[in-house]
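Here is a short briefing to read with the model open beside you.

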Amino acid sequence: QVQLVESGGELVQTGGSLKLSCAASGRTFTEYAMGWFRQAPGKEREFVAAIRWSAGFTSYADSVKGRFTISRDNAKNTVYLQMNSLKPEDTAVYYCAADATNIRVPQYWGQGTQVTVSS
């Protein structure tokens with residue numbers, strides 16, 4: 001069992017930056033790939049970014065490439081999402097996720113943190 005707790009979401013202006021954190025506990029953190037998803041009002045949850053345990057492999061949604069960076073600190077059991085050049089369309093609840101085999105269909109989810117980008 002893995003528990004995930006996100007933090008860092010807040011209101012920010014267009015063009016601003018935020019860094020989300022996700023603290024993991026439970027199983028061995030390095031066994032899991034970690035990811036971030038988001039869900040905007042009236043829309044389905046979508047993939048944002050993912051990182052393998054080694055941090056040598058990352059993937060991003062096209063909509064955030066070049067603006068968002070996912071990273072992890074295995075010693076702290078924490079994964080981060082650095083978000084730069086934020087746009088109003090980035091407004092959503094951001095969820096941390098973990099899975100041992102396929103991060104695109106994660107087994108574990110956090111409770112979410114709200115990011116609001118004002119225009």
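Predicted model: local features only at pLDDT ≥ 70, side-chain atom pairs only at ≥ 80, totals over all residues.

Residues are numbered from 1 along each chain as its sequence is written, and side-chain values use heavy atoms, with hydrogens and water left out.

- Strands here are DSSP runs of E with at least two residues, numbered from the N terminus, and β8 covers residues 78–83.
- Of the 6 residues of β8, 5 are buried, so the strand is largely enclosed by the rest of the structure; buried means under 20% relative accessible area with a 1.4 Å probe, protein chains only.
- Two strands count as paired if DSSP finds at least two bridges between them.
- Strand β3 (residues 18–26) runs antiparallel to β8, joined by 6 bridges, and Leu 18 stands opposite Met 83.
- β7 is also antiparallel to β8, again with 6 bridges; here Asp 73 faces Thr 78 across the pair.

- Asn 77 sits in the hairpin of β7 and β8, which has 4 residues between the strands, and takes a positive phi near 55°.
- The relative accessible area of Asn 77 is 26%, so this residue is partly exposed, a term for values between the buried limit and exposed, which is over 50%.
- Ser 85 lies in the loop between β8 and β9 (92–99), and has a positive phi of about 50° without being a glycine.
- Ser 85 is partly exposed too, at 41%.
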